Amino acid sequence: KEARSKEARERAPSLGQAPQHNSFSRRASALIDPEEGGRLHGCLDNKLCRCLRKTWFLAVWLAKYDLYPLLTLNFFFRFAFAAYKSIFAFFCAAAFDFGASEVGLVLSGMGIAGIFVQGPLLSVVVGRLAEERTLMVAMGATSLGFCMLSFARNLATLVPALGAISIGYGLAVPCLSALFSNVPVEQGIMQGIAGAIDRFGQAFGPILGGGAPQL
């Protein structure tokens, strides 16, 4: 009995000694403390787990600065324009019997209109409404232009539709860049995320645009 009690006293921690972590507590701390996790063969040693962990941290970081509405708007805006550009020439050929030269002239006219919009018109509108309201006006003009373009069957309806789209696009792009630049984080990171969302929308937009006429 005395031998067993002596052995139990030696195994028990003293009052000033911190208890040893068991395997469960060490694994739990590995999920919280990155330094502890780097020394353990746990979740952080798995590539999929590390990827999911970084994705979760990114999602929390984006929510902290309330970036989801702006990023979602940026995605669908680029998505819609990519879908529109992918079938615009075919639309002009089918609805107006335009050839390559006529489509080129139409696109050149939209480019000239964009120069006017992003030059004198943008400074006037932003000066009166600020970036947020200007962006709302731009999205409204773009939506109206796309709706009008759907029913355009002659030049009298085509020109106003393309004019509304040119105004909306010309106002929206600078306002989106300005709003992203106002986020109080490192601009290299912010512009990189915005650019990735931009390219993501442009990558999937033509898929929908090319498949829509077949529906």
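Student: Hi! Is Met148 buried, partly exposed or exposed?
Tutor: Met148 counts as partly exposed, at 29% relative accessibility. Buried means under 20% relative accessible area, exposed means over 50%, and partly exposed lies in between, using a 1.4 Å probe and protein chains only. This is a predicted model, where local features need pLDDT of at least 70, side-chain atom pairs count only at pLDDT 80 or more, and totals for chains, interfaces and linings use all residues. Residues are numbered from 1 along each chain as its sequence is written, and side-chain values use heavy atoms, with hydrogens and water left out.

Student: Thanks! Which helix holds Met148?
Tutor: Helix α6, covering residues 100-150. Helices are DSSP runs of H or I with at least four residues, strands are E runs of at least two, and both are numbered from the N terminus.

Student: And which residues does Met148 touch?
Tutor: Leaving aside residues up to four places away in sequence, Met148 touches Pro160 and Ala161. Contact means heavy atoms within 4.5 Å.

Student: How far is Met148 from Val159?
Tutor: Their C-alpha atoms are 9.8 Å apart, and in sequence they are eleven residues apart.

Student: Switching topic: how many helices and strands are there in the chain?
Tutor: Eight helices and zero strands.

Student: What about cysteines: how many disulfides?
Tutor: Taking a disulfide as a pair of cysteine sulfur atoms within 2.5 Å, the count is zero. Cys92 is buried at 0% relative accessible area, whereas Cys147 is partly exposed at 48%.

Student: Last one: what share of the chain is buried?
Tutor: 30% of its 215 residues count as buried.
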